[in-house]
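Please look over the model below.

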Amino acid sequence: MAKDKNAPRYDKQGARRVMRKRDYLADFGGQLALGLMANLVGQLNYFYTDKVGLAVGSVGIVLAISKVIDAFSDVIAGNFIDH
């Protein structure tokens, strides 16, 4: 007897599977991007503190200010592109 593709599938514990393979792939892409961003921030902190010689607090403040400016500029640029 052929299996129905649309029939619900269950895992070993009896929970219904709701994610498809493309959902897992999309989740992987998002997690990869988040991991790369976190690594980039870590590398910037290392560079500015150990190589340039700036204080950790000043580097944190500069990066926080740049994130706030980036949040506003993204909205402005998106609005500009939409119109």
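What follows is a short report on this structure.

This is a predicted model, in which local features need pLDDT of at least 70, side-chain atom pairs count only at pLDDT 80 or more, and totals for chains, interfaces and linings use all residues. Residues are numbered from 1 along each chain as its sequence is written, and side-chain values use heavy atoms, with hydrogens and water left out.

**Helix packing**

Two packed helices are described by the angle between their axes and the distance between the axes. Here helix α1 spans residues 21–51 and helix α2 spans residues 56–82. Helices (H or I, at least four residues) are DSSP runs, numbered from the N terminus. The two pack at an angle of about 135 degrees, and their axes are 10 Å apart. Axes are lines fitted to C-alpha atoms, for helices over the stretch in contact, and angles run from 0 to 180 degrees between N-to-C directions.

α1 and α2 are therefore oblique to each other. Angles under 35 degrees count as roughly parallel, over 145 as roughly antiparallel, 65 to 115 as roughly perpendicular and the rest as oblique. The crossing of α1 past α2 is right-handed, that is, the near helix is turned clockwise from the far one by less than a right angle.

Which residues in α1 meet α2? They are V41, L44, N45, Y48 and T49, and their partners in α2 are V56, V59 and L63. Contact means heavy atoms within 4.5 Å.

The structure holds one salt bridge (a side-chain nitrogen of Lys or Arg within 4 Å of a carboxyl oxygen of Asp or Glu). R20 pairs with D23, and the closest N and O atoms are 3.4 Å apart. Partly exposed lies between buried (under 20% relative accessible area) and exposed (over 50%), with a 1.4 Å probe and protein chains only.

| Residue | Relative accessible area | Class |
|---|---|---|
| R20 | 44% | partly exposed |
| D23 | 25% | partly exposed |
| S73 | 34% | partly exposed |
| Q43 | 46% | partly exposed |

**Separations**

S73 lies in helix α2. S73 and R17 are 56 residues apart in sequence, and their C-alpha atoms are 40 Å apart in space. Q43 belongs to helix α1. Q43 and G53 are 10 residues apart along the chain, with 14 Å between their C-alpha atoms.
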